[in-house]
Amino acid sequence: MESKRSTYDPTTHLIHGRMRSDAWEYGHHLVPPISTSTTFRLDSTARGAAGFREFGSEEDSHIYIYDRLHEPNKDMLEERLAAAEGGECAVSFASGMAAVSAALGILLKTGEHVLTHRALYGCTHSLLHGWYPKLGIAATDMDLRDVEALEAHIRPETRVVYFESPANPTMDIIDIGAVAAELRRINAERTPETRIWMVIDNTFSTPFCQRPIEHGADIVLHSLTKGISGFGTDMGGVVIGPRGKHADLLMWRKDFGGVLSPRAAWAIMAYGLPSLAVRMRQMQESARQVARYLENHPSVHRVAYAGLPSFEGYEVARRQMTDYEGNFAPGSMIYFELVGDSPQERQEAGARFINHLARNAYTITLAVSLGNVRTLVEHPSTMTHSMIPPEEQEAAGISASGIRLAIGLESVDDLMRDLEEALVASGEAVPA
Ligand SMILES: *Cc1c(COP(=O)(O)O)cnc(C)c1O
């Protein structure tokens with residue numbers, strides 16, 4: 001069974017996982033049980049000592065000691081997530097932000113520098129620009145779509161290049177393979193201690209639509225709260241990377257304490273992962289239709305969606321966003337702006353549109369988050385990205401009139417019906 005397992009499709013693995021564990025007997029369960037023990041019986045002092053000694057090492061046999069170290073449900077989830085991304089190991093965290101801070105935390109120290117793409121998830125931006133200066137860690141950004149300009153932004157003390165692709169919320173597509181090639185060239189001149197690590201937040205795509213490690217990324221992280229969990233019931237995060245970083249990630253989690261709840265791990269494993277492929281295929285098909293509909297709508301100024309041939313990132317997206325069978329997989333996220341004679345008018349039309357949806361739409365909810373079975377709309381400039389000052393938003397390509405739409409599983413005709421009503425309303429003059 002064990003040797004045969006690797007010959008099955010990753011989407012099958014997402015459903016069945018390893019099926020059994022040497023550390024925990026659940027061989028007669030179809031669904032592994034929820035484990036909710038914070039501490040574990042340790043037969044002897046020798047076994048307890050071995051557990052502590054082995055923890056995080058290459059000899060780690062996962063002797064269960066305490067939930068914040070290893071724990072059965074998280075172990076199972078991590079094994080499936082590492083396999084889904086094609087990474088050597090995975091460590092789960094309490095939230096996506098706990099995963100972001102762990103991945104960066106193990107790679108950076110005072111005096112060092114992280115270079116990012118200009119548009120980032122809002123809280124990642126505030127971690128890097130609000131908290132890191134207090135730790136003496138510098139963060140700067142650039143437009144990473146221009147890979148040729150990368151080297152000019154690298155400093156001797158740069159240790160991490162960090163980005164999302166598609167970026168939140170602009171949908172900027174960054175050529176992962178090209179950045180990896182450039183960093184390989186730069187790292188060839190550096191020592192193992194001063195090498196630059198490439199870290200990607202792959203939340204928007206999920207491993208179903210894109211696996212950055214296959215394109216040369218060192219470390220991939222996710223907010224499990226979004227598409228991977230899928231139903232909007234559990235928060236979580238994960239960092240996936242090389243075996244050499246496993247111990248640091250486990251120690252970080254043990255000491256900073258952002259531990260994923262076993263109940264959340266179980267739910268993500270029992271519901272999120274097995275349904276990931278079928279949800280993403282469906283959401284992405286609807287997203288393609290909605291993006292095309294919006295693009296051809298007279299009330300819409302522009303649409304950024306990885307699957308639209310008119311989109312500037314389309315060619316790169318086609319190369320790097322693929323499902324496990326190699327089909328183009330542009331995901332479920334759309335960013336667009338409504339028409340208006342000035343930025344101010346576009347912004348007002350967008351606000352009327354979103355407010356109309358919030359009050360009248362059955363299928364589209366005004367709410368942050370994404371990758372949910374329900375379609376969600378939000379206004380990044382004043383919501384998810386509001387901690388970025390307006391001038392910096394402009395520079396990062398985040399428009400005051402930009403609207404983010406996260407497609408769910410509703411009938412696509414119903415989605416377009418609600419969108420159409422709101423688009424008509426957005427163009428109507430507001431009564432004085
Ligand atoms: C939501 C999100 C995060 C943070 O995840 P939480 O689970 O909310 O902490 C990080 N990156 C991206 C791209 C996200 O969408």
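In what order do the five strands of the open sheet lie, and what is the pairing? The order is S8-S9-S12-S11-S10, and the pairing is mixed; two strands pair if DSSP finds at least two bridges between them. Helices (H or I, at least four residues) and strands (E, at least two) are DSSP runs, numbered from the N terminus. The model is a predicted one, in which local features need pLDDT of at least 70, side-chain atom pairs count only at pLDDT 80 or more, and totals for chains, interfaces and linings use all residues. Residues are numbered from 1 along each chain as its sequence is written, and side-chain values use heavy atoms, with hydrogens and water left out.

To begin with the overall layout, the protein chain is divided into domain 1 (28–40 + 67–270) and domain 2 (276–425), with bounds that come from an automatic or database domain assignment. Their C-alpha centres lie 25 Å apart. Across the boundary, 38 residues of domain 1 are in contact with 39 residues of domain 2, where contact means heavy atoms within 4.5 Å.

Back to the five-stranded sheet. Its edge strands are S8 (300–304) and S10 (364–366), each pairing on one side only. From one strand to the next, the twist averages 25 degrees; angles run from 0 to 180 degrees between N-to-C directions, and axes are lines fitted to C-alpha atoms, for helices over the stretch in contact. Strands S9 (residues 333–338) and S12 (residues 403–406) run antiparallel and are joined by four bridges.

The axes of H13 (residues 343–360) and H15 (residues 412–427) come within 8 Å and cross at roughly 135 degrees. The contact involves residues including Phe353 and Leu357 of H13 and Leu419 and Leu423 of H15. By type, the contact residues divide into seven nonpolar, two polar and three charged (Ala, Val, Leu, Ile, Met, Phe, Trp, Tyr, Cys and Pro count as nonpolar, Asp, Glu, Lys and Arg as charged, and the others, Gly among them, as polar).

Another open sheet has seven strands in the order S1-S7-S6-S5-S4-S2-S3, again with mixed pairing. Strands S1 (89–93) and S3 (138–142) each have a single partner strand, so one side of each is left without a neighbour in the sheet.
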